[in-house]
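Let's take a walk through this structure, strand by strand and helix by helix. Have a look at it first, and then we'll start with a pair of neighbours in a sheet.

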Amino acid sequence: MEKVAEILTEASAEAVEPRFRALAAGEVMEKAPGDMVTIADREAEVIIARRLRELLPLPVVGEEAVAADPALARALHNEPACWLVDPVDGTANFIAGRPDFAVMVSLVRDGQAVAAWIWQPMTRTSYAAELGAGAWRDGRRLTRLPAGHDPEKWRGSVKRYLRRPGLFPGLHTRIPAFGELTEGRRSAGMEYPLVADGELDFLLYWRTLPWDHAPGSLLVRETGGVSARLDGSPYRADPPGGEDGLLVACDPQTWERTRAILLGLHD
């Protein structure tokens with residue numbers, strides 16, 4: 001666990017942090033319409049992938065490598081185990097000079113993350129989780145209290161700007177049932193830890209790219225929370241495939257009640 005944390009912090013120090021608010025002309029590219037990448041993303045992924053293979057020789061599924069060759073994502077289904085890498089989660093924030101970005105890795109076996117690491121360079125904060133063993137922030141075990149019984153006191157993030165039309169008809173009429181709601185920080189590596197730390201009670205996502213969600217989903221589960229599809233099936237690190245929806249909550253009761261409110265099951 002400590003070796004992977006070191007790999008993330010060292011790759012960040014070498015390839016990411018020196019370019020924060022210092023990207024040169026030509027170091028920001030568009031890998032798909034509206035989807036940006038920087039030289040920091042690409043160089044950090046190469047460093048992390050090489051060092052992970054040295055640590056444990058498994059296939060590496062990296063966000064930028066998959067952008068160049070989508071077939072690489074099949075390893076999540078075809079291989080018994082692989083590394084999953086997001087070299088800069090929150091690239092748009094990074095490009096804009098906002099500090100909300102993270103470097104993330106997870107170890108996936110048979111579609112399930114069994115270990116996860118999140119490094120937040122600008123706050124110098126490290127998170128880690130191991131399946132069945134717990135979760136930690138900067139080496140200290142994380143514990144999380146339930147959210148309580150009153151949704152009007154719950155704090156959450158609902159990304160309405162990415163919502164698939166028709167998925168939650170009438171959602172805007174049910175939003176007032178909750179307390180404080182935000183649009184999030186546009187970085188899963190910044191948002192999932194907020195649930196584990198007790199600052200947020202739930203998150204609602206539409207896009208569920210595996211490198212974005214495998215690390216944080218394990219972190220939340222290991223603090224007593226739930227990360228599941230809207231049909232109740234547990235989150236799995238599947239290859240990219242659309243906007244299936246993902247609801248994350250700090251405890252099972254909060255997950256069930258939040259889902260019921262969002263879907264209008266109690267209207």
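V60 has W83 of β4 as its bridge partner. That pairing belongs to β3 and strand β4 (residues 81-89), which run parallel over three bridges. Helices here (H or I, at least four residues) and strands (E, at least two) are DSSP runs, numbered from the N terminus, and two strands pair if DSSP finds at least two bridges between them.

A quick word on what you're looking at: this is a predicted model, where local features need pLDDT of at least 70 and side-chain atom pairs count only at pLDDT 80 or more, while totals for chains, interfaces and linings use all residues. Residues are numbered from 1 along each chain as its sequence is written, and side-chain values use heavy atoms, leaving out hydrogens and water.

**The seven-stranded sheet**

Both strands sit in an open sheet of seven strands, ordered β3-β4-β5-β6-β7-β8-β9, with mixed pairing. β3 (60-62) and β9 (140-141) stand at the edges with a single partner strand each, so one side of each has no neighbour in the sheet.

| Hairpin | Residues between the strands | Residue with positive phi | Phi |
|---|---|---|---|
| β1 and β2 | two residues | G34 | about 80 degrees |
| β7 and β8 | three residues | G132 | near 80 degrees |
| β8 and β9 | two residues | D138 | near 50 degrees |

**Helices on the sheet**

Helix α2 (residues 39-55) lies across β3, β4 and β5 (102-109), running at about 150 degrees to β4. Angles run from 0 to 180 degrees between N-to-C directions, and axes are lines fitted to C-alpha atoms, for helices over the stretch in contact. Contact means heavy atoms within 4.5 Å. α8 lies across β3, β4, β5, β6 (112-120), β7 (125-130) and β8 (134-137), at about 100 degrees to β6.

How do α7 and helix α8 (residues 210-221) sit relative to each other? Their axes come within 9 Å and cross at roughly 10 degrees, so the two are roughly parallel (angles under 35 degrees). On the α7 side, the contact is made by A188, Y192, P193, V195 and A196, and on the α8 side by D212, H213, G216, S217, L219 and V220.

Leaving aside neighbours within four places in sequence, V248 touches residues including Y192, L203, Y205 and W255.

Not counting residues up to four places away in sequence, S187 touches D89, G90, N93, D100, F101 and A102.

Key: Angles under 35 degrees count as roughly parallel, over 145 as roughly antiparallel, 65 to 115 as roughly perpendicular and the rest as oblique.
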